[in-house]
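Open the model in your viewer and keep the selection panel at hand. Each stop below says what to pick and what is there.

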Amino acid sequence: MTEAVRAEKASGRTIGFVPTMGFLHEGHLSLVRASKSRTDTTVVSIFVNPVQFGPDEDLARYPRDVDRDTTLLEAAGVDILFLPEPAEVYPPGYKTYVEVRELQDRLCGRLRPGHFLGVATVVLKLFHIVSPGIAFFGQKDAQQAIVLKRMTADLNLDVDIDVRPIVREPDGLALSSRNVYLNPAERRAALVLSRSLGEARRAVDGGERRTGVILSRMRVVLEAEPLARVDYAEIVDPETLDPATEVRPGTLVALAVTIGRTRLIDNWIVAEKG
Ligand code: AMP
């Protein structure tokens, strides 16, 4: 991988990078298209990173289909597909991990201790191996993007982080590789995430700025769905992830909801006009 990138750079080409865990969908492909529009050579990695999964999480059953992914990436015009093995990324004796303090403990980090340590570690390693000029991430994983921007700034990494909008199904469900876990009833119930964010947006559009009021309107929507268990619903500052008392443009409205055995996340960033 390192040699391939060195050759591309020697011929003056810029490198765009899209790290993924595979089982690709339109969300991933939107990042590929963004990379192709901004850089000369697009590298996609598929690596189901064991370090970012907790002991009771879905590492073993995480969906995988490398043949299908390869076909999709070829059709999308990806130049290089990087498929490292866990034993290459974390060889025996591996000891080094990256912590992004405080940010790693908020929101999803509270329920998934060690998750963002795993994400930051693998992304830093991938950045060193691929050495991209621009790396592309989805707003779907809002906290991940915030953690990685902080890491990139704190560690003086020479890479631009480009965060792209959430791609959704026509009915509003954010695309996720984990959506395949949902049975038909759970799939219908999963709409409660985007519906509650819609309620937040209506509140803001109607002039409401108090996060307490917005959150209680969201909770009414969430509690009406019997299959949903709310892991968190929070309105936070987009840099510190501290709870906000009033929304401003840029404020992050984020939630995680478990439907059956499947944990789903979604978010909305308050826009200029709501
Ligand atoms: P994953 O394979 O789940 O690790 O995701 C790889 C990248 O795709 C991450 O930057 C995600 O934020 C992004 N991504 C996942 N789902 C979506 C989506 N629905 N819309 C936009 N980007 C997404």
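Which polar backbone atom is 2.9 Å from a nitrogen atom of the ligand? Select Leu175: a polar backbone atom of Leu175 sits at that 2.9 Å distance from a ligand nitrogen. This counts as a polar contact, a pair of N or O atoms within 3.5 Å; within protein, one must be able to donate a hydrogen and the other to accept it, and residues adjacent in sequence count only if both atoms are side-chain atoms.

Before moving on, note what you are looking at. This is a predicted model, in which local features need pLDDT of at least 70 and side-chain atom pairs count only at pLDDT 80 or more, while totals for chains, interfaces and linings use all residues. Residues are numbered from 1 along each chain as its sequence is written, and side-chain values use heavy atoms, with hydrogens and water left out.

**Stop 1: around the ligand**

Then pick His28, where an N or O atom of the side chain is 2.8 Å from a ligand oxygen.

Now select His25, in the loop between β1 and α2. Helices (H or I, at least four residues) and strands (E, at least two) are DSSP runs, numbered from the N terminus. His25 is buried at 19% relative accessible area. The classes are buried under 20%, exposed over 50% and partly exposed in between, with a 1.4 Å probe and protein chains only. Leaving out residues up to four places away in sequence, His25 touches Leu175, Ser176 and Ser177. Contact here means heavy atoms within 4.5 Å.

**Stop 2: strand β2**

Select residues 41-46. Six of the six residues of β2 are buried, so the strand is largely enclosed by the rest of the structure. Thr41, Val43 and Ser45 lie on one side, with Thr42, Val44 and Ile46 on the other.

Strands pair if DSSP finds at least two bridges between them. Ile15 has Thr41 as its bridge partner in β2. Follow the chain from β1 through α2 (residues 26-38) to β2: this β-α-β crossover is right-handed. That is, with the strands pointing away from the viewer, the path from the first strand over the helix to the second runs clockwise.

Ile80 in β3 stands opposite Val43. The chain goes from β2 through α3 (residues 66-75) to β3, in another right-handed crossover.

**Stop 3: the nonpolar cores**

A nonpolar core is a set of buried Ala, Val, Leu, Ile, Met, Phe, Trp, Tyr and Cys residues joined through side-chain atoms within 4.5 Å. The largest has 41 residues; Val123, Phe127, Met151 and Leu252 have the most contacts inside it. Color α6 next: nine residues, the largest share of this core, come from that helix.

Zoom in on Met151. Beyond four places in sequence, its contacts are Val98, Val100, Ala120, Val123, Leu124 and Leu157. Apart from this core lies another, of 27 residues, including Leu173 and Ile235.

**Stop 4: two positive phi angles**

Finish in the loop between α4 and α5. Glu102 lies there, with phi near 65°. Which is buried, and which exposed? Glu102 is exposed at 52%, whereas Leu107 is buried at 1%.
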